[in-house]
Amino acid sequence: MKLNRIILPLMACALTWSSCDDQIMEWKNSDGSITASDIPLALKEKIANYDYIKSYVAQYAPNMNVGLGLGADLYINDAAYRTIADANFQMFTTGNAMKHSAVVKANGELNFTTIDAFLNLVPADIQIYGHNFLWHTQQKQTYLKSLIAPEVVVEVGDDDVCENIVSNYGFEGGNANGWTGLWGKYNYAVEQPGHDSDYAIRFTMTSESNANYDCQLFWPTGMLETGVTYAYSFWVKSDQNIAVQFIGQNSSYGGIYKDTFTAPSEWIRCTGEFTYAESDTKDIERVGIQFGGTPGSTVWVDDFKFGKKIEEKMINIIDDGKFEDGTLGSWFGWGNGSTRTISEKGQGYNSDYCMVMVNPSDGDSWSAQTAHSFPETLTVGKTYMYSAMVKATVINPDFTLQVQDANGGNGEGYVSAATAVDQWIPIEGEFVCKNEGIARLCINYGKVAGTYYIDNFKFGEKKETATAQTLRASTRAGGISYKLKTPEEKKAALLGAMEAWIKGMLQHQGMERVKEWDVINEPIADNNQWRGIDGNFMSNGDDAPDTAPVEDEENGLNLNWANDHFYWGYYIGKEYAVKAFEYARKYAAADVKLYVNDYNLETNPSKLAALIDFVNYIEDNGQTVDGIGTQMHVTASSITREQIDAMFKTMAATGKLVRVTELDVALGTSSPSAEQLATQANVYQMIFESYKANVPESQQSGITIWTLSDNAAEHEYWLSGDAPNLFDANYERKHAYKGVCDGIAGKDISADFSGDDWKNAYETEGEETPAE
């Protein structure tokens, strides 16, 4: 065998063995000569003499493969890391690059940039293991939440510029719920009073603030749509004429920067609009303002609204329909002793004034009329629209609108009929002008005696390309309300997203080389119950378990789940597991193997039993599970051979493929002793030996080592401060490397090494053999 080793020549023994002089007598023959075969190899040199891991797999366990869990970005960007990975392993599993939250964007589209770059670098003879389709963490929560969130009903106020999507736009709950970006160099509080409201948010910049981006406030929007025009408005004031700029950001803090306003000491309203273009920064998913740079200054913000721009549906030709100047303007009327006056201040629809019409007695609808002349006659064949807010002290089912010529002799008749009630409601309609000379409109309210209030009256030619606008009564203009989705609607939406996600991954070019997939990862919680089912939200590694979602018409949907947690089973039920395998089987090639995967199976037999029941449920409902994965994040000081044997025997008894998907052996320290390193090597060897002894060859999928080295770059979020891997922080082989190779071979490979090995190594490399 050609060994891949690094052996120092005898002349360097003083640098490699501290007791070289003490051992020299053991190396000499009776005549005083020394031969290479007599040199005892130190452990480090033994490890260096080992071949690559996959060479031993090919020789001693050709039916299985040994893989590596790695970071795709590290593999792409670190050539030394990539060289070691390629040389030693037969299969790669990406730690995060293929997970839902890494690929799915906030609008549901799939981003394959990292995956494509990774696949383009991996040699063709190295397999890829897909990890994973469904999990309870690292799911794109913003997107999934948007599918099941209550339907937002936009309540458009008369002065609104957008179809507002900011639910906590006015901070009226006394909190900043939903707002992000509260990480800047400032202190903040939601406090009273606001702008014509109870609350606003107040920011006071700290002494460290020296740039406008030091203080920011954002609301999550989901991905903005290219080519769509958006508008925003907000009220702001400050104590030092602070510059406030509207901005948008993506998850990487790239931004678009729009209008800047100077906030004076009194409230001012800031508005603007922009069309999101392809040339703008990509994937903008939150909008807000930045206002830092003046230490000690204070800024107040209220009524922040953002959304698609509201396009007027009509070209309004009634310029005195708001009555905010306290006069009737050009409105007049007649009939039945009816009167028309301006209301008391504060009686308008979310405004100061409206028009008050009094009908003293019952009659025909046209018995009492209020009219307004048009600046010019209507055009035959054109479509006209009207809208207004109306309320009354009575119920009048025949509150109507008509148009007529200036003399009242000819007209279109009654173009609408609505029911006026004892609260503000919108009326809205349209008609096509059919007659020449139409020059005024009439409001007819003579049917029922009572007092009628009308505000925000608009009339004009319809804009054919305008977007829909919903007028609703609201306690506050420009707010939103919610229509809760039914359980059936949520389930259907999520199943559609699940299928699109799995289909998109499996059908993406290059993914055909992935022949094994974790379809569902960690479906069983530490209490041995299905995650997400019947209120079971146990989450590994969290300080506290997640809780059930809160959903109501005032607050919308609050998942109360950690960032990017999502429990598919909570909304879909146990069927989620069956559907996941159904979709994976539908879109995968016939030779692709599908797995479930979980952790702590070696130390928790009850959890393993629950996972097997999980598999049986899926198969009882018509789908096939090819394999079961056990992660095996074990601790060297506590794991036993008995535990490992029992787990592998139980898994093998299912008849399924068995794979160790994420093997590492923790030591509890980043500076282990030689004894700890030896223990770690023994555990790695023990696991490989147990796997080969207890899993039939036909069921041996293989073992994946989880991360390559002890380098801090691989342990920022996983086993930080530990040394669990086969290579040290400098990518040098550890004792554990020998343990893995010996476990694969079923023997101590180094027992066959001799002093001739280092001599042959030099000859193989073309080096001159050192003199004896």
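In what order do the four strands of the open sheet stand? The order is β8-β13-β10-β11, with antiparallel pairing.

The model is predicted: local features need pLDDT of at least 70, side-chain atom pairs count only at pLDDT 80 or more, and totals for chains, interfaces and linings use all residues. Residues are numbered from 1 along each chain as its sequence is written, and side-chain values use heavy atoms, with hydrogens and water left out.

**View 1. The open sheet of four strands, β8-β13-β10-β11.** Strands are DSSP runs (E, at least two residues) and helices likewise (H or I, at least four residues), numbered from the N terminus. Two strands count as paired if DSSP finds at least two bridges between them. β8 (216-220) and β11 (255-263) stand at the edges with a single partner strand each, so one side of each is left without a neighbour in the sheet. From one strand to the next, the twist averages 20 degrees; axes are lines fitted to C-alpha atoms (for helices over the stretch in contact), and angles run from 0 to 180 degrees between N-to-C directions. Five bridges link β8 with β13 (residues 286-290) in the antiparallel sense. Within this pairing, Phe-218 has Gly-288 of β13 as its bridge partner.

**View 2. Gln-245 in strand β10 (residues 242-249).** Gln-245 has a relative accessible area of 14% and is therefore buried; buried means under 20% relative accessible area, exposed over 50%, and partly exposed in between (1.4 Å probe, protein chains only). A polar atom of the Gln-245 side chain lies 3.2 Å from the backbone oxygen of Lys-258.

View 3. Six of the six residues of β1 are buried. In a regular strand the side chains alternate between the two faces of the sheet. In β1, Asn-65, Gly-67 and Gly-69 point one way, while Val-66, Leu-68 and Leu-70 point the other way. β1 and β2 run parallel and are joined by four bridges. Gly-69 has Thr-93 as its bridge partner in β2, and Leu-70 stands opposite Thr-94. β1 also runs parallel to β34 (residues 700-706), to which five bridges join it; here Gly-69 stands opposite Trp-706. β2 is joined to β3 (residues 127-134) by three bridges, again in parallel, with Met-91 opposite Gln-127.

**View 4. Strand β20 (residues 383-392) between β23 and β25 pairings.** Nine of the 10 residues of β20 are buried, so β20 is largely enclosed by the rest of the structure. Eight bridges join β20 to β23 (residues 425-432), and the two run antiparallel. β20 pairs with β25 (residues 450-462) over eight bridges, also in the antiparallel sense. Ser-387 takes part in both pairings: Glu-428 of β23 stands opposite Ser-387, and Lys-458 is the bridge partner of Ser-387 in β25.

**View 5. The second largest pocket, with about 1,500 Å³ of space.** On a 1 Å grid over the protein atoms alone, a pocket is an open set of points with protein on both sides within 12 Å along at least five of seven lines, and lining residues have an atom within 4 Å of a point. Grid points are joined across faces, edges and corners, and a volume is the space filled by probe spheres set on the points. Of the 42 lining residues, Gly-95, Asn-96, Lys-99, Gln-138 and Tyr-717 are the closest to the centre of the pocket. By class, the lining has 14 nonpolar, 20 polar and eight charged residues; Ala, Val, Leu, Ile, Met, Phe, Trp, Tyr, Cys and Pro count as nonpolar, Asp, Glu, Lys and Arg as charged, and the others, Gly among them, as polar.

**View 6. The largest cavity, with a volume of about 80 Å³.** A cavity is a set of grid points where a 1.4 Å probe fits but cannot get out. Two cavities of 30 Å³ or more are found in a search of the whole structure. Residues that line the largest cavity include Leu-134, Trp-135, His-136, Arg-531 and Tyr-576. β27 (514-521) and α11 (568-572) each supply at least two residues of this lining. The lining divides into seven nonpolar, three polar and two charged residues.

Conventions. Polar contact = N/O pair within 3.5 Å; in protein donor to acceptor, adjacent residues only side chain to side chain.
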